[in-house]
Amino acid sequence: MSLSTMTNPIRSVQAEAPARPAPLVHIRDLRVRYAPDAPVVLDGVDLDLFPGETVALLGSSGSGKSTLMKSLTGFAPITGGTVRVGDVDVAGLRHGRLRSLRAQTGQIFQQFNLIGRLSVLTNVLTGGLHGAGPVNALGTFRSADRKRALALLDRVGIAHKAGEPARSLSGGQQQRVAIARALMQNPRVILADEPVASLDPRMSRTVLELLRSISREEGIPVLVSLHVLPLALEHSDRIVGLRHGEIVVSGRTTELDASLLAPVYDIEEEEEED
Ligand SMILES: Nc1ncnc2c1ncn2[C@@H]1O[C@H](COP(=O)(O)OP(=O)(O)OP(=O)(O)O)[C@@H](O)[C@H]1O
Ligand SMILES: [Mg+2]
């Protein structure tokens, strides 16, 4: 009998069921209020983020999108439930361990948050300094880091601007630099809070496709909050809709449409006001 015909039937059956990867972010029954006498901002929120997926977060202004992202970096007070990133329980973190969590979290903001007078390359290199103390190492970056920063700028299609001051770039270009800077951190997860709110429709698509391809290719989960529903339908794998701090819709993007997502918005209330 050849080796190939000697397979153990029981073992081969077991091998057929591929294990689902563990979520990198695991949120259960999250409750947030900013002060003991303040209103509850997030209530009973459950969310898992898996490697390689892009999850769009939808919700009206004040629904709690930014707060949900902040709960993953210890910037929002977790008053109930569980928030885990990898095997780290965020609620209990202090000082050095909190800094280390933040260093491993790529954050993208609406206003890019680059240092305008510094070169694009230096801005990307500062991503690698996260958690390394004050930015006093400027000008003394290792050549391996410079190479990596340039490769990341190439990845986001903007290597030709490496020597320019960041403020001389267009909004879309600056957001791509911010993405390269986040990647320089070797992030476990990327949180993009309205990353395209200041960009025109064409550049919005470019930036969102870039985030999604990074997520797929690097296996990094991306949580991206968006105001424009068609962009969420076009550029995400899953959509989570928040309303008044609670998840009212959650599902695979291919199974959702504008009418199924209507409960996310206060459409009836807005109509009544008209
Ligand atoms: N630091 C804070 N202290 C007190 N209340 C806060 C704080 N940050 C947010 N809130 C409140 O929490 C609620 C949710 O705010 P959050 O910024 O998370 O909403 P959002 O969905 O991101 O809104 P937007 O679309 O306008 O960015 C709001 O009522 C807001 O006033
Ligand atoms: Mg917000």
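**Reading the ligand site and the sheet**

Guide: Happy to. Keep in mind that this is a predicted model. Let's begin with a contact: a polar side-chain atom of Glu194 is 3.3 Å from an oxygen atom of ligand 1.

Visitor: How far from an oxygen atom of ligand 1 is an N or O atom in the side chain of His227?

Guide: For His227 the distance is 3.2 Å. Thr67 also takes part, with a side-chain N or O atom 2.5 Å from an oxygen atom of ligand 1. As for cover, ligand 1 has 640 Å² of accessible area on its own, and the protein covers 57% of that.

Visitor: Which residues are around ligand 1?

Guide: Among them are Tyr34, Val41, Lys65, Ser66 and Thr67, along with Glu194 and His227. There's also a run from Ser60 through Ser61, Gly62 and Ser63 to Gly64. By class, the shell has eight polar, two charged and two nonpolar residues.

Visitor: Which helix gives the largest share of that shell?

Guide: That's helix α2, residues 65–71, which supplies three residues.

Visitor: Now the sheet. In what order do the four strands come?

Guide: Read across the open sheet and you get β2-β1-β4-β5, paired antiparallel. The edges are β2 (40–49) and β5 (88–89); each has a single partner strand, so one side of each lacks a neighbour in the sheet.

Visitor: And how should I picture the side chains on a strand?

Guide: The general idea is that side chains in a regular strand alternate between the two faces of the sheet.

Visitor: How many bridges join β1 to β4?

Guide: Six, with β1 (residues 25–33) running antiparallel to β4.

Visitor: What about β4 and β5?

Guide: β4, residues 78–85, pairs with β5 in the antiparallel sense over two bridges. One pair to look for is Arg84 with its bridge partner Asp89 in β5. Together β4 and β5 make a hairpin with two residues between them.

Visitor: Which residue in that turn has a positive phi?

Guide: Gly86, and its phi is about 60°.

Note on methods:
Residues are numbered from 1 along each chain as its sequence is written. Chains are lettered from A and ligands numbered from 1 in the order in which they are written. This is a predicted model: local features need pLDDT of at least 70, side-chain atom pairs count only at pLDDT 80 or more; totals for chains, interfaces and linings use all residues. Side-chain values use heavy atoms; hydrogens and water are left out. A residue is near a molecule or strand if one of its heavy atoms lies within 4 Å of it. A polar contact is a pair of N or O atoms within 3.5 Å; within protein, one must be able to donate a hydrogen and the other to accept it, and residues adjacent in sequence count only if both atoms are side-chain atoms. Accessible areas come from the Shrake-Rupley method with a 1.4 Å probe; for residues, only the protein chains shown count as cover. Ala, Val, Leu, Ile, Met, Phe, Trp, Tyr, Cys and Pro count as nonpolar, Asp, Glu, Lys and Arg as charged, and the others, Gly among them, as polar. Two strands pair if DSSP finds at least two bridges between them.
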